[in-house]
Every structure is written in structure tokens, then in C-alpha cells.
Amino acid sequence: MPAVHTVVLALGAAERARPELEQIPEIEVVEHYDLSSAREDDVILRGLDGAWAVVAGSEPYTRAVLEALPDLKAILRWGTGSDAIDIPAATDAGVAVITTPAVNAEAVADMALALMLACIRRLPELDAIVRSGEWRGLGPTRDLACSSVGIVGLGAIGRAVTRRLRGFDCRVLATEPNPDLEFCREYEVELIDLDAMLPQVDVLTLHAPLIDGTRRLIGARELALLPRHAVLVNAARGELIDQAALVAALGSGQIAAAGLDVFEREPPARDDPILALPNTILSGHISSYTDLGLDRTGETVIANLRAALAGRLPSSCLNPEAWN
């Protein structure tokens, strides 16, 4: 009989794909949903002992972890980001890192637009006013329609946001190191560097990967370049923003509002000052957690696993040199 490989599900969202995974005869599915919130190497090592592959969340894969898991051959990310994985260490350990790019783009783009609209139209305040027994307690709000929106990162999610903004007749400016020029021409995207973009936008939305060059990309200097009425949206990675600088900017009125699905520390501490600001709209890193987002991600993870079991690496493998 062929060997049966242990595949660990490290996050609860992967439960969605479990029925189909259990139909694959070459694997035994084991759940350790607590691993996605683990940050200690020893906890991760215990959960992955003997695993051939892991369907991974945001738990860190350090060199120490990877070197201590000789049976591990594939990290199948439930999502796009790989910032929690030491890729060179994975390569040295012979572990393929395989992501699911673009599959959650529509869900995340929807959330980005929802955060923009909620901040611009001040929906939480309007809701609270009516619930308090008042009626129209605010003056007129600003509009998303016909506004200028700056997009940092024109990957699959940034492009999905751009397509949606066309329906609002927005002017779209973007910074992107490797732009799809045909897409930019079709959607009339103005490519521009970040410093030149910031003073011109009513909304700044972040869709860049977290790498060394983008960590704390938006800090006190960049926030000071934004107009005072500007709204900042982040549905990418919390570490793209210097959160202390953002708290100061929001508290002083340097910018008008922020819609955040991600934070520098997740989950934020109960006394994190970002939680006390009235001009923020917050959600818990959940922008891709929709029926469509989960289904598409699950389908791609399963396809990636089947390919790896057959000895083929998908095109979304970040380190094909890890496997001979």
C-alpha cells in the first residue's frame, strides 16, 4: 500500500475544505486549529510532529521550527501572504512554500470598499444618532463618488479595488513596482510615486505585501502629507503602518478617519489606543472570510496539495528549488 501522509490543518477556516481533503486516499487529516494563533516554536513543533504537509495560517515558521521537522515537505498557505515564513530556511530544509494568490481578491476588495464608504459617510456615527433617538445629527459628509483614491499595490487585490472604483467615477492613482500597463491604460490608472500621490488623495488604501521595503511604509511623515480630510484603509498587513503614528494622526485630526482590518499586533491588546479612537472602523483580519473567499481558497489549497502529492509543484510555489 502507498504511504499515507499526515496533513495538519492549522487554522479553523480550513475546516471548510476538510470533507474534500478526507477523500484523498494518500493523506490522513489532523486538525490543530489552535496553531494559527500560536507564536511559540515549541507549540508549533508539537502540533506538526510527523506532519508531511500543513495547511498554514499566520503562525510563524522559523528556521528553528523548520529544521526540527524532518518529515515536513510542504507548507500550504491558506492565503497569499508568506511574511510569517522564513523562506530561505524552508528551502534549506527542503520544504516547499505554496500560496494561494488572487483567490481572495474579490472578498478583500469588497471589504476595502466597505471600509472606505463607512469611514467617508461616517456610518457608525449615523447609526448611533438614530439609536439614541435623534435623527440628523451630522452635517453633510464627503463622497466616495468622484473622489481621488490612492492605491498602494496593484496586485490582484489592488486591481479588484480599481475595477470597483470605476463605478464610483473615481480618479485612481497608484504606486506599484511592477505594474500591468495594459490594465492601467484600460482603467485610466495614474502611476505615481508615493510622496507625490499622498497630497492628492481623498482615500489611501493599502494592498502591498509585507516585505522589508514596505514595513512601516506609512509613518508620521507620510501621514502628514495626506489632506486633513483623508481616509486611510488597510486590508493588507498591519505592519505596513506605523500604528503609533496613525493613532497620533487620528487623535490630532491630521487625517479624518481610518478603516482597519489588520493591526501591527494581532489581536490588539485590550488597552491599545487604536481601539479607543472614535474615528476608526475596525475588523479582525477577516476581509477574506466570506463564502466566496473561503470556497476559492479551499479549492486552490486542495489542488496545490494534490499536485504536491503527485510530485508536481504549483506555479504559486515560492521556492521550487526546495524540491529536486
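**Sheet pairing and a cavity**

Student: Which residue in β4 is the bridge partner of Ala 53?

Tutor: Ala 74 is the β4 partner of Ala 53. This is a predicted model, where local features need pLDDT of at least 70 and side-chain atom pairs count only at pLDDT 80 or more, while totals for chains, interfaces and linings use all residues. Residues are numbered from 1 along each chain as its sequence is written, and side-chain values use heavy atoms, without hydrogens or water.

Student: How many bridges between β3 and β4?

Tutor: 4, in the parallel sense, joining β3 (residues 53-56) to β4 (residues 74-77). Strands are DSSP E runs of at least two residues, and a pair needs at least two bridges.

Student: What order do the strands of the sheet take?

Tutor: The open sheet has 5 strands, ordered β2-β1-β3-β4-β5, with parallel pairing. β2 (27-31) and β5 (96-98) are at the edges with a single partner strand each, so one side of each has no neighbour in the sheet. From one strand to the next, the twist averages 20°.

Student: New topic. How many cavities of 30 Å³ or more?

Tutor: The structure has 1. A cavity is a set of points on a 1 Å grid where a 1.4 Å probe fits but cannot get out. The largest cavity holds about 40 Å³, a volume being the space filled by probe spheres set on the points.

Student: Which residues line it?

Tutor: The largest cavity is lined by Asn 234, Gly 238, Ile 241, Gln 243, Leu 246, Leu 260, Val 262, Phe 263 and Glu 264; lining residues have an atom within 4 Å of a point.

Conventions
On a 1 Å grid over the protein atoms alone, a cavity is a set of points where a 1.4 Å probe fits but cannot get out, and a pocket is an open set with protein on both sides within 12 Å along at least five of seven lines; lining residues have an atom within 4 Å of a point. Axes are lines fitted to C-alpha atoms, for helices over the stretch in contact, and angles run from 0 to 180 degrees between N-to-C directions.
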